[in-house]
Every structure is written in structure tokens, then in C-alpha cells.
Amino acid sequence: MFWLGQAGGSGAELASPYGSLHRSRAQGAGIFALSQLDGPAAVDQLMEIARRDKDPEMRKKAIFWLGQSDDPRASQFIEQLLTD
């Protein structure tokens, strides 16, 4: 997962493996890998994790990395989380 993120893999390439990971450490690595990608697909996947992941720690990690993103949708998403 880490190397996919470093090699410039797409958000779609990382989305599928993330869903099949069951250990928090591996999921955390998947979230980090997504955070290293440029493009809307990675941000979409991070927002999906922040919205729906069953593990609060993984949601928190996704929100943290969304906060580091330059994508304006990420800041809008975080603002919406804070106001809902």
C-alpha cells in the first residue's frame, strides 16, 4: 500500500485493497498511502473513509490527512463535519 502511494498509484487502485484490510495498522498505512496521492480520487476515498469506516481511529486518520490536502473539497468536507 505504501509503495502504491509513493509510486503515484491512483485512488481507485488503493480503494479496493483498503476495503479488504482488517488490521488497523494495515488500514492506517492505506490511509497514509492515499494521502500521498494527488488527484480527486484519493480525496474522495479519504472522505469516504472519514464518513463510513467503522473504526473511529481510521476516521480520525482520514480526517487528519484531509486537513493536509490542498483540495478545496477537503476543507469543505471538514467544515461540514464540524457544523453537522
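Reader: So how much space lies in the largest pocket?
Author: About 190 Å³ in this predicted model. A pocket here is an open set of points on a 1 Å grid over the protein atoms alone, with protein on both sides within 12 Å along at least five of seven lines, and lining residues have an atom within 4 Å of a point. The volume is the space filled by probe spheres set on the points, with grid points joined across faces, edges and corners.

Reader: Which residues lie nearest its centre?
Author: Ser-35, Leu-37, Val-43, Ser-69 and Asp-70, out of 13 lining residues.

Reader: And which helix gives the most to that lining?
Author: Helix 4, with three residues. Helix 3 (24–35) and helix 4 (40–52) each supply at least two. Helices are DSSP runs (H or I, at least four residues; strands are E, at least two), numbered from the N terminus.

Reader: How does the lining divide into nonpolar, polar and charged?
Author: Six nonpolar, four polar and three charged. Ala, Val, Leu, Ile, Met, Phe, Trp, Tyr, Cys and Pro count as nonpolar, Asp, Glu, Lys and Arg as charged, and the others, Gly among them, as polar.

Reader: Ok, where is confidence lowest, and where is it highest?
Author: Lowest in helix 1 (residues 2–6), at a mean of 54, and highest in helix 5 (residues 56–67), at 96. The protein averages a pLDDT of 82, and 73% of the residues score at least 70. That score is the predictor's confidence in each residue, from 0 to 100.

Reader: Switching topic: how many helices and strands are there?
Author: Six helices and zero strands.

Reader: Is Met-47 buried or exposed?
Author: Met-47 is buried, because its relative accessible area is 8% (buried means under 20%, exposed over 50%, partly exposed in between, with a 1.4 Å probe and protein chains only). Met-47 sits in helix 4.

Reader: What is Met-47 in contact with, leaving aside neighbours within four places in sequence?
Author: Leu-66, Arg-73 and Phe-77. Contact means heavy atoms within 4.5 Å. Met-47 and Ala-74 are 27 residues apart in sequence, yet their C-alpha atoms are 7.6 Å apart.

Reader: And Pro-40, buried or exposed?
Author: Exposed, at 51% relative accessible area. Pro-40 also belongs to helix 4. Beyond its neighbours within four places in sequence, Pro-40 touches Asp-71 and Arg-73.

Reader: Last one, what about Gly-30, buried or exposed?
Author: Gly-30 is buried, with a relative accessible area of 0%. Gly-30 is found in helix 3, and its C-alpha is 9.9 Å from that of Ala-62, 32 residues away in sequence. Of the 84 residues of the protein, 32% count as buried.

Conventions
Residues numbered from 1 in each chain as written. Predicted model: local features only at pLDDT ≥ 70, side-chain atom pairs only at ≥ 80, totals over all residues. Heavy atoms only, no water. 1 Å grid on protein atoms, 1.4 Å probe; cavity = no way out; pocket = protein on both sides within 12 Å on 5 of 7 lines; lining within 4 Å.
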